[in-house]
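The tour goes from stop to stop and says what to pick at each one.

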Amino acid sequence: MTKKQKKLVIALCGFSLGFAVTPVANAMHIMEGYLPLPYAIGWSVICIPFLAAGLISIKKTVSEHRKTLIILAMAGAYAFVLSSLKIPSVSGSSSHPTGTGLGAILFGPSVMSVLGIIVLLFQALLLAHGGLTTLGANTFSMAIAGPFVSYGVFKLASKLKCPKLVSVFLAAALGDLFTYCVTSVQLGLAHPGSAGFLGATAEFLGIFAVTQIPLAIIEGILTAIVIMGLESYAKTELTELGYYKRGGIS
């Protein structure tokens, strides 16, 4: 690892330590015990094939591209830091970025399912953010649905010859937004109330939307900046990943 790469890692670790230790938060993650048992089990079962695919993908990456391990770890740390932040909303709730778009762009969406569930597990155990009974539902929304949208948007924007900065921004921002949309659907299914599924889902969407839209924009900008930094300090690793074959930002 070069001196520049070491400095980048140290800076990221400092950023993580400064912001990852947050107060107890029940933000966009569905909190412990909020889902009925059948829904908690159902969402967990749905996650299994995605996690299996992610483990296979990580094993392949580790065996074929050893130099990219530091980037893989950074993608997990990036998701942990951003998704740990609690941003109050004028609606009385709170929200947070997801940070999963970066890893989806660099490694593909299946890898983020594994990194994401690790992030969510640590947050549930250490920060009381989310919960163990809702781990499956939170994993599906933040670590599966969001990354797949980010990856799809990035590939589509690239095929449409969009500037790379725009492609990265759209991928991260729309993946973030889709995560909270899926969370709202999950809550609407579990707690339809008198308004029914559609009405309840619309109410949950309204609660999150006030803060999530600007947060998605900020996450898109930040993710583009991080990738620009990686192009400057981790060219060897990005080359191994085949990033430059898809066209770099610079």
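## Stop 1: a serine and a lysine

Select S158 and K164: their side chains make a polar contact at 3.1 Å. This is a predicted model, so keep that in mind at every stop. S158 sits in helix α6. Its relative accessible area is 21%, so S158 counts as partly exposed. Now show what surrounds S158. Leaving aside neighbours within four places in sequence, S158 is in contact with K164 and S167. S158 and V168 are 10 residues apart in sequence, and their C-alpha atoms are 9.2 Å apart.

## Stop 2: along helix α7

Select T179 in helix α7. Is T179 buried or exposed? T179 is buried, because its relative accessibility is 1% and the cut-off for buried is under 20%. Its side chain reaches the backbone oxygen of G175 at 3.0 Å.

Not counting residues up to four places away in sequence, L170 touches V153 and G175. L170 has 30% relative accessibility, so this leucine counts as partly exposed. Next, pick E219. L170 and E219 are 49 residues apart in sequence, yet 9.8 Å apart in space, C-alpha to C-alpha.

## Stop 3: the aromatic rings

Select W43, F50, F140 and F148, which ring pairs link into a cluster. How many aromatic pairs are there? The count comes to three.

Look at W43 and F140 together. This pair is tilted, with 5.1 Å centre to centre and 40° between the planes. W43 lies in helix α2 (residues 37-64) and F140 in helix α6, so the pair ties together parts that are 97 residues apart in sequence. Both W43 and F140 are buried.

Now switch to F50 and F140. This pair is edge-to-face, at 6.4 Å centre to centre and 75° between the planes. Colour the two rings by accessibility. F50 is at 28% and counts as partly exposed, whereas F140 is at 17% and counts as buried.

## Stop 4: the nonpolar cores

Select L102, L106, F107 and L230. These have the most contacts inside the largest nonpolar core, which has 33 residues. Which elements give two or more residues to this core? They are α3 (69-84), α4 (101-107), α5 (109-127), α6 (135-159), α7 (164-190), α8 (196-233) and α9 (235-241). The largest share, seven residues, comes from α3.

Centre the view on F107. Leaving aside neighbours within four places in sequence, F107 is in contact with S57, T61, T68, I71, L72, A75 and L241. Then move to the second, separate core of 16 residues. Among its members are I30, W43, L51 and F204. W43 is also part of the ring cluster from the previous stop.

## Stop 5: confidence

Colour the chain by pLDDT. The mean for the protein is 83, and 82% of its residues reach 70 or more. Which element has the lowest mean? Helix α1 (residues 3-20) does, at 45, while α6 has the highest, at 94. Finally, select residues 8-27. Here pLDDT stays under 50, and the model has 31 contacts beyond four places in sequence for this stretch.

Key: Residues numbered from 1 in each chain as written. Predicted model: local features only at pLDDT ≥ 70, side-chain atom pairs only at ≥ 80, totals over all residues. Heavy atoms only, no water. Core = buried A, V, L, I, M, F, W, Y, C linked by side-chain atoms within 4.5 Å. Buried < 20%, exposed > 50% of the residue type's maximum accessible area, 1.4 Å probe, protein only. Helix = DSSP H or I, 4+ residues; strand = E, 2+ residues; numbered from the N terminus. Contact = heavy atoms within 4.5 Å. Polar contact = N/O pair within 3.5 Å; in protein donor to acceptor, adjacent residues only side chain to side chain. pLDDT = per-residue confidence, 0-100. Phe/Tyr/Trp six-rings, centres within 6.5 Å; stacked < 30°, edge-to-face > 60°.
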